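Please look over the structure shown below before reading on. The briefing that follows goes through its parts topic by topic.

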Amino acid sequence: MVLNERKIRILEAIINDYINTAEPIGSRTIAKKYNMGISSATIRNEMSDLEEMGLIVQPHASAGRVPSDKGYRLYVDNLMPKHDITPAEAAFLHQMIINNINHIDFLMKEIAKAISVLTRYATIVSEPKFYKTTIKHVQLVPIDERSIVLVLVTDSNVVRNQVISLADAPDYEQLQRLTSLLNDRLKGLCSADIGDALFTDIIHNAPEADRAAVSVILSTIMSAIENEDGRQVYAGGVKNILAFPEFSDVDKARKLFHALEEREMLITLLNSGDESDKIQVVIGSENTVDEMKDCSLVKASYRFGGRNYGSIGVIGPTRMNYVQAMSILSGVVKNINKALGELSGG
């Protein structure tokens, strides 16, 4: 059976109408709402062919038709119009990202929040990977007699600030000397390079009075760069799911909420598939997680220098507005990549 131009127009009408209304659509409604120049009887025959092709389904005997996952896939891959975010949205995103790129945890939360507001869907964002990340610079800053701040700059120009509590914190001059020692010994190394021997040697070369503090500082540095599994995943707008009639069933909504609280599952969702910055769409039954079978996931990775820093995903019902979700996500990723490029230059 041939998918001709008329069938395509009818399929697009069904998809667009169902995205907007969440109601099955019949041939009479299509004839009234869309100027196709054909009768409702002809439309009905074409809809029967589309159903036979597996592109639409009839949820109830007396109802109209709704798109199938296969129909959405055809739409996303071949029929969907392209749409870019507005210059104002692009400027807003770029400014937000460039202002907060050195505070990665705050930035990821803000991105998750912003995308969920713009799309009205749930958003998940992962922090950059820190596995095999090398140390670019270490700075120790005093706070008071019992605490200091460790400022850790990685080769990806991400800055980590962490307060370290100590029984007796070194003073400013001592911290300057320890900062110099740590940079001399750790610059350019990743966690795999910092073995027990180096760990012990650094402590031994520190002033005796500071060795206990150096041990705690080294442990803090190691935990920050040890492996990518320690990175955070931030979610935004999860409650937006409740606004969609597909999730009016309390048990279905509860299972999805529970799945979205599982950090390892979220990391798996974000990490699966292509690691380029190309937008990827996983539709309904294509999801490997059972709780996601009624959802679609639009995702992409943000990258710089051929390196995957992290990922962003937008989760909504299968009838989500793919044009909107993909354009906003594309705009966010482009601006993160641009900001990382600018940051690497200074």
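Ala22, for example, sits in the loop that runs between helix 1 (5–21) and helix 2 (27–33). The model is a predicted one, and its protein chain is divided into domain 1 (5–79), domain 2 (87–129 + 231–345) and domain 3 (135–229).

**Domains and nonpolar cores**

- Between the C-alpha centres of domain 1 and domain 3 there is a separation of 62 Å.
- The largest nonpolar core has 82 residues, and of these Ile30, Ile111, Val298, Ile312 and Tyr322 touch the most other members.
- Helix 12 (residues 322–344) gives the most to this core, contributing eleven residues, and the core draws at least three residues from each of domain 1 (5–79) and domain 2 (87–129 + 231–345).
- Another core, of 27 residues, lies apart from the largest one, and among its members are Leu150, Leu175, Leu181 and Ala213.
- In soluble globular proteins, nonpolar side chains tend to be buried together.
- Tyr322, when its neighbours within four places in sequence are left aside, is in contact with Tyr72, Tyr75, Val76, Met80, Val281, Ile283, Ser296 and Val298.

**The largest pocket**

- The largest pocket holds about 510 Å³ of space, and of the 22 residues that line the pocket, Lys82, Ile279, Met326, Ser327 and Ser330 are the closest to its centre.
- Which helix supplies the largest share of the lining of the largest pocket? That share, seven residues, comes from helix 12.
- Helix 4 (69–79), strand 8 (280–283) and helix 12 each supply at least two residues of this lining.

**Ser311 in strand 10**

- Ser311 belongs to strand 10, which covers residues 307–317.
- Is Ser311 buried or exposed? Ser311 counts as buried because its relative accessibility is 2%, and the cut-off for buried is under 20%.
- The side chains of Ser311 and Ser301 are joined by a polar contact of 3.2 Å.
- Not counting residues up to four places away in sequence, Ser311 touches Ile124, Val125, Ser126, Leu270, Asn271, Ala300, Ser301 and Tyr302.

- Ala22 has a phi near 65°, which is a positive value in a residue other than glycine, and at 17% relative accessibility Ala22 counts as buried.
- Arg120 also has a positive phi, near 70°, in a residue other than glycine, and its place is in the loop between helix 6 (104–119) and strand 3 (122–126).
- Arg120 counts as exposed because its relative accessibility is 55%, and the cut-off for exposed is over 50%.

- Met36 is placed in the loop between helix 2 and helix 3 (40–52), and with a relative accessible area of 13% Met36 is buried.
- Although Met36 and Arg9 are 27 residues apart along the chain, their C-alpha atoms are separated by 8.2 Å.
- Leaving aside neighbours within four places in sequence, Met36 is in contact with Arg9, Ile10, Ala13 and Ile30.
- Ile30 in turn is one of the residues that touch the most other members of the largest nonpolar core.

Technical notes
Residues are numbered from 1 along each chain as its sequence is written. This is a predicted model: local features need pLDDT of at least 70, side-chain atom pairs count only at pLDDT 80 or more; totals for chains, interfaces and linings use all residues. Side-chain values use heavy atoms; hydrogens and water are left out. Helices (H or I, at least four residues) and strands (E, at least two) are DSSP runs, numbered from the N terminus. Buried means under 20% relative accessible area, exposed over 50%, partly exposed in between (1.4 Å probe, protein chains only). A polar contact is a pair of N or O atoms within 3.5 Å; within protein, one must be able to donate a hydrogen and the other to accept it, and residues adjacent in sequence count only if both atoms are side-chain atoms. Contact means heavy atoms within 4.5 Å. A nonpolar core is a set of buried Ala, Val, Leu, Ile, Met, Phe, Trp, Tyr and Cys residues joined through side-chain atoms within 4.5 Å. Domain bounds come from an automatic or database domain assignment. On a 1 Å grid over the protein atoms alone, a cavity is a set of points where a 1.4 Å probe fits but cannot get out, and a pocket is an open set with protein on both sides within 12 Å along at least five of seven lines; lining residues have an atom within 4 Å of a point. Grid points are joined across faces, edges and corners, and a volume is the space filled by probe spheres set on the points.
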